[in-house]
Amino acid sequence: MNITRLPTPSPPPTSLEPFAQYNNGNVPILIDNGSTNIRWGFADRERPFQGPNVIAKYKERKTNKPLLLFGKGVDLDSGSKAQAKTPWEGDVLLNFDALENALDCCFTHLNISTPTVEHPVLMTERLASPLHSRALTSELMFELYRVPSLAYCNDGLMSYYGSFPEKKNWGWGGPTALIVSFNTASTSVIPLVTGSAVMGHAKRIPWGGSHASDYLLKLVQLKYSNFSTRVTPPQSTWMLHNFCEFATDYTAVLRNLQDPLKMREADRIVQFPFVQPVYEEKTEEELSRLAEKRKEQGRKLQELAAKTRVEKLVQKETDLRDLLDLRESRSDFSKREWVIKLQEEGFDDDAGLEETIKKYESDLKKARKKEAEGEDVTLDEDGLKEKRKQRLMKAGFEARVRAKKEKEREKAEREAEERKEEEEREMDLGGWSRRMRQEQETLIGKIKDRARRKAALGDRKSAAAQARMKSIANLANDDRMPKKKRKGGGEDLFGADDDDWAIYRKINTTAPSSDEEDDLNQLSMVESKLLAHDPTFTQKETHASITTQRSALISAFRPIYDEGDIEGNMRIHLNVERWRVCEGWFSPSMAGVDSAGLAEVISNNIYLTGGPSKMPGLEARLHAALRPNIRTDTNIGITIAEDSALNTWKGMQKLALGERFDRICVTREDYEEHGGERVKRWWGCNWNGGFIALPWGAGYH
């Protein structure tokens, strides 16, 4: 079996990375503001600082001081995790308090000790970012941090720009490609024509890595509804990146997985942490001491039972004397007074009194006879065992005699039915076959209904479970006999009707049903007759064959472990989910998202970036999606970013260190004149809405 153990989370850091040593105001600061991770640093650094883009305001318990935790520091305490916030809401930058706190941590980490940030800033933003988000971000940068200039760029375009070794600036005359950027909450498709992004034709699919992770989590929760531990979103994300892949033909994969053997081959098992129970082994001396203790407890229970029987016998004799005295006093009352007296004692009439007296006399007679035998008084433990053995042997002999007579009677009836059925089959084989097939379908339907009801009882909100609770409540409120009569030994009428006993089959969900066993035996007999006499009925049509095939597939899809197998019950099997989750990028509707798929908005010469671009099978799937729409003599160009995590940083670094970077930046004077929504239009920015035009010859059109 292909088993992978769930990795244990790494402990949060106890100290920060060393601060950057820079004071030169000419070096731009780069901020890759992602919704999952944020990367920041000076443009001439080889690698940026990075961490989760999350903050938490937390009050330390010992000193009762408020703390601001950022990035991995949020994992220091379980209480801080509940207070965690991210600047992003899906794919939109909205929580600016969290953004301000995150930027404070970033600038502090860069060892900027001045009251203002005297460095140009280059910051990423999403495709078609709302102008409101950009305006508030610009206000934060210019009003709070007082940066000298600010520029925004698209992360997907920067990743593509960073993959080119040459350092020349783009604009008209650059490369032509279709950039597909896999983000956390969306997937962006941006056409790049001769080095300039055509934002008017860009597309954004509302399906990203977080949606795929949530979809996988829901599928796992649906598949393992009674899993012993909680599956967390980070664990779901880990399973997504380690086990899921794109299918070249998803429908063909599903057809292939209909074979249980193929399903098992595709299975990937995630082993969750578990603790084996510790069983204490006892010595022979301890076992003998426990056995002696149990024997002593059994002896005490026997003595207590004997004492209880004597007390009950004395009580019954007293009650019988009282009832006989009541009957003898009949002549002392008038007819009306006698009726009232009987009702006070819990009897309806003289017949009820006589019936109760007879019952008491019968019970006392049986008790005296049993006591006269001296079963528990004169015999020791071995004698009692021998006497019980003799009784069992006698009862068994009598039962065998009765069973033999019953079998002979059933055999005679069965032979008569077989003769009648044989005559019917010889007269009309087709009609007999149709009747037997209909009987088979009826029995299979009853078995399926019983299985569905049993499964529904596991859900306390289902109609079957509520009907069961209603039956239990009705039993508890059973008032068919008055309390006085019940106390006086009145007869309980429960069981007089055979339907009374059916209630126990309804409320008992674990005991095997005798009706189910009878139906299975009857179904087996019907199918054996059809196999013997109907040439059109094959072995594949039997209930056992159908059930075996279905159960084999279900067992491969979700294996069932024994209740005592703790290790097996802490496993999650991923098979169909491995391809189904990734299919969401090409068919979002299967996950409930009303949107076009990736194959419907792409063409040739594609550049892929983002975390999911590294998942297996994506390039082959894109080839299969594009080939029907492209001429056979045309090569399909697909390039995947070498480092999807840092390619955006490399592109920003190349842009910020270029000689014309200052021309695309919005200065503080531009901000005060035009507002925070406007940016300078250049090949790598979101120029949706108003923009500040660049002069021709700047090289960034």
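Here are some friendly notes on the predicted model above, point by point.

1. Ground rules. This is a predicted model, in which local features need pLDDT of at least 70 and side-chain atom pairs count only at pLDDT 80 or more, while totals for chains, interfaces and linings use all residues. Residues are numbered from 1 along each chain as its sequence is written, and side-chain values use heavy atoms, with hydrogens and water left out.

2. The chain as a whole. There are 24 helices and 22 strands in the chain; helices (H or I, at least four residues) and strands (E, at least two) are DSSP runs, numbered from the N terminus. Of the 701 residues, 37% are buried, where buried means under 20% relative accessible area, exposed over 50%, and partly exposed in between (1.4 Å probe, protein chains only). The accessible surface of the chain is about 42400 Å², with 51% belonging to carbon and sulfur atoms; such areas come from the Shrake-Rupley method with a 1.4 Å probe, and for residues only the protein chains shown count as cover. Among contacts (heavy atoms within 4.5 Å) with a separation of 6 or more, 67% come from residues 24 or more positions apart.

3. Helix H4. The N-terminal end of H4 is capped by asparagine 154, with a side-chain oxygen 2.9 Å from the backbone nitrogen of glycine 156.

4. H4 against H22. Helix H4 (residues 155-162) packs on helix H22 (residues 647-656) at an angle of about 80 degrees, and their axes are 7 Å apart. Axes here are lines fitted to C-alpha atoms, for helices over the stretch in contact, and angles run from 0 to 180 degrees between N-to-C directions. H4 and H22 are therefore roughly perpendicular to each other; angles under 35 degrees count as roughly parallel, over 145 as roughly antiparallel, 65 to 115 as roughly perpendicular and the rest as oblique. From H4, Asp155, Met158, Ser159, Tyr161 and Gly162 meet Asn647, Thr648, Lys650, Gly651, Met652, Lys654 and Leu655 of H22. The residues of this contact divide into four nonpolar, five polar and three charged, with Ala, Val, Leu, Ile, Met, Phe, Trp, Tyr, Cys and Pro counted as nonpolar, Asp, Glu, Lys and Arg as charged, and the others, Gly among them, as polar.

5. Threonine 124. Setting aside neighbours within four places in sequence, threonine 124 is in contact with Ile31, Asp32, Asn33, Cys153, Asp155, Thr648 and Met652. Asp155 belongs to H4, and Thr648 and Met652 to H22. Threonine 124 counts as buried, at 4% relative accessibility. Its side chain reaches the backbone nitrogen of asparagine 33 at 2.9 Å.

6. Leucine 99. Asn33 turns up again here: apart from neighbours within four places in sequence, leucine 99 is in contact with Asn33, Pro87, Leu93, Met123, Thr137 and Leu140. Leucine 99 sits in helix H2 (residues 96-109) and is buried, with a relative accessible area of 0%. The C-alpha atoms of leucine 99 and isoleucine 55 are separated by 8.7 Å, with the two residues 44 apart along the chain.

7. H5 against H6. Helix H5 (residues 209-223) and helix H6 (residues 233-243) pack at about 105 degrees, with their axes 9 Å apart. That makes H5 roughly perpendicular to H6. Gly209, Ala212, Ser213, Leu216 and Leu217 of H5 make the contact with Pro233, Ser236, Thr237, Met239 and Leu240 of H6. These residues divide into six nonpolar, four polar and no charged.

8. Aspartate 534. In the loop between helix H17 (514-533) and helix H18 (543-557) lies aspartate 534, which counts as buried at 7% relative accessibility. Its side chain makes a polar contact with the side chain of serine 433 (2.5 Å), and another of 3.4 Å joins the side chains of aspartate 534 and arginine 437. A polar contact is a pair of N or O atoms within 3.5 Å; within protein, one must be able to donate a hydrogen and the other to accept it, and residues adjacent in sequence count only if both atoms are side-chain atoms.

9. Two backbone angles to check. Asparagine 64, though not a glycine, has a positive phi of about 60 degrees. Asparagine 64 is in the loop between strand E5 (55-59) and strand E6 (66-70) and counts as exposed at 51% relative accessibility. Alanine 128, also not a glycine, has a positive phi of about 55 degrees; alanine 128 is partly exposed, with a relative accessible area of 40%.
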